[in-house]
Each structure stands twice: as C-alpha cells, then as structure tokens.
Amino acid sequence: MTYLSLNNVSFSYPNGFQAVKNVNMSFDKGESVAIIGQNGAGKTTTVKMMNGLLKPTEGNIIVDGWDTRDHSTAQISRKAGYVFQNPDDQIFHNDVYSEIEFGPKKLGLSENVVKENVLNSAEIAGITDFLKENPYNLPYSMRKFVTIASVLAMDSNVIILDEPTAGQDTASLEIISDMIKAKNNEGKTIITITHDMEFVANNFERVIVMADCQVIADGNKRDVFWDFDVLNKALLSQPHMSKLANALQIGDKIISRSELIQEIKQVQQLNESIHIPNL
C-alpha cells in the first residue's frame, strides 16, 4: 500500500531556478529505495519536499494521507524524518543525549518512551558511549551518526538519508547497512540519496535515477545498472563488480562480488571440461 507519493511535483526557488520538474514517485511501507544522480539532478530538493522542509510549487506530495502543503514540517516529521547531508546543519544541542531526545520530546512522547527511543537509537547508531559528549567534540563521521540516531528516535515511518556514507569508513558503512535492514524489518520505509554505487548495489533493490531535474529511470537495481543509456544520460558509472563483469563479458547483469566469483568459477570449470587432443 502506498504510504508516500509525489504527484506531478515541480519546485522552483525564489530566484526562478527550477530544481525539480514534473516528478512522480510512490513508496510503500517497508520499502528501501536509493535515489541516485549527479549534483544538480534535483535529488536533495525532492527529498526535502517529502518531509515538508520545502513545499512543491506545482503538484502535491501525500504522506500517509496528509498533503504536505497543509501541514508544518514539524507535523510531517512525525511521519517522514530527514537526516541532513551535513550533520552541522542539524545539530544544535550541547550533548548527544539532548540532541537525540529533542525530536521525540517535541512529539509529546512520554518520558519513559523518550528514554527508550534515545537508548535504542544510540545503540543502533553505535554511539551509546558518547551520550554525554558535546557532538562538536566528535569527528564528522560520528556526528552523522548522532543525526541519524536523532531521526530514528522519532520513530517515523519514513526515514530519509541524504548521503549517509560520505566520510564513513568500512565499519561505519556496515553499521548503516545493518540499520537499514533492521528498520526495513520493522516496516519502515528507507529512502537514501547517495553517490556511492557500491552502497546502492549492496543495500537496495529499487533504484530511482534523476537527471536534469527529472526522473529518468525507476526500477530494479539490476536493470538500472545495466541500462547504459540511462547511466550515460545521468553521467553515472556501474558498480565495480558490474563494470568488471562487463569488461570480461561474462554473466547476465551481475551486481555483486559473489555473483562475479560464481560466474568466473563456472567459466573456469567449462574451460577445464574442454579437452583438446594432442595432434
């Protein structure tokens, strides 16, 4: 059942620049979707409209039956939470615990529920040991986890992540991947903007491609990453494993490392089975 929909949505900034042109998207509860495209494609403007930070200049956005134009950002955030690309645009408290508890307290949740949400979100984000720290004493990558935990604590049905992997190491990427899977299992919808094609290939089945402020593809990752017309138009590259499989001309729309390894093994076994007699 559709929980969030964008219907013929366009957005123009006050200076007249049109950042989004006639976009249509819909998301079901429990979906996990990546939105990809180059800078300027309209991705961030699109997702900021999803939780009411921006209002469409044309069309409408419906979140759980609410038209975002008729509700405040604070009201929409109950249903769709947004994690900024730059954590410094979001953090404003002097300790991590206060930062995480701000959202659920504003929602009017009971003290016990607020505390439970804060501790659970901090554990998922791997920052339990830093709840008393000033966020600005933490490195950039960890501040991003503070903002992620802040949105998780609000328990919104839609969680929007803007470039969550930027500046993160391998261990941090695993935490983000585990978080996405855990929240999907709870029925949460995860929408992620990212330039990291490997992260997309490893964590998402559905991929939306934007270029020139419009949606140019929306489908299964395997189809999207092997549609060279779409990739060329959006100035995007295949994930590394797909690119290697394409160079070797083996397999059928390979996406993952395990698929590539299996295909190479099959080619090796085939070559070994062919016996060429001595002349």
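Is Asp218 buried, partly exposed or exposed? At 39% relative accessibility, Asp218 counts as partly exposed, where buried means under 20% relative accessible area, exposed over 50% and partly exposed in between, with a 1.4 Å probe and protein chains only. The views below show a predicted model, in which local features need pLDDT of at least 70 and side-chain atom pairs count only at pLDDT 80 or more, while totals for chains, interfaces and linings use all residues. Residues are numbered from 1 along each chain as its sequence is written, and side-chain values use heavy atoms, with hydrogens and water left out.

**View 1. Asp218 and Arg206 meet in a salt bridge.** The N to O distance of this pair is 2.9 Å, a salt bridge being a side-chain nitrogen of Lys or Arg within 4 Å of a carboxyl oxygen of Asp or Glu. The pair links distant parts of the chain, with Asp218 in strand 10 (residues 214-220) and Arg206 in strand 9 (residues 206-211), 12 residues apart; helices (H or I, at least four residues) and strands (E, at least two) are DSSP runs, numbered from the N terminus. Arg206 counts as buried at 15% relative accessibility, and a network of salt bridges links Glu31, Arg206 and Asp218.

**View 2. Lys79 forms a salt bridge with Asp64 and lies over the face of Trp66.** The closest N and O atoms of Asp64 and Lys79 are 2.7 Å apart. Lys79 is 4.4 Å from the ring centre of Trp66, and a charge sits over a ring if NZ of Lys or CZ of Arg is within 6 Å of the ring centre and within 35 degrees of the ring normal. Lys79 counts as buried at 13% relative accessibility, whereas Asp64 is partly exposed, with a relative accessible area of 36%.

**View 3. Tyr82 and Phe84 form an edge-to-face pair.** A search of the whole structure finds five aromatic pairs, where rings of Phe, Tyr and Trp (its six-membered ring) pair if their centres lie within 6.5 Å, and planes under 30 degrees apart count as stacked, over 60 as edge-to-face and the rest as tilted. The ring centres of Tyr82 and Phe84 are 4.9 Å apart and the planes stand at 65°, so the pair is edge-to-face. Tyr82 counts as buried at 6% relative accessibility, while Phe84 is partly exposed, with a relative accessible area of 22%.
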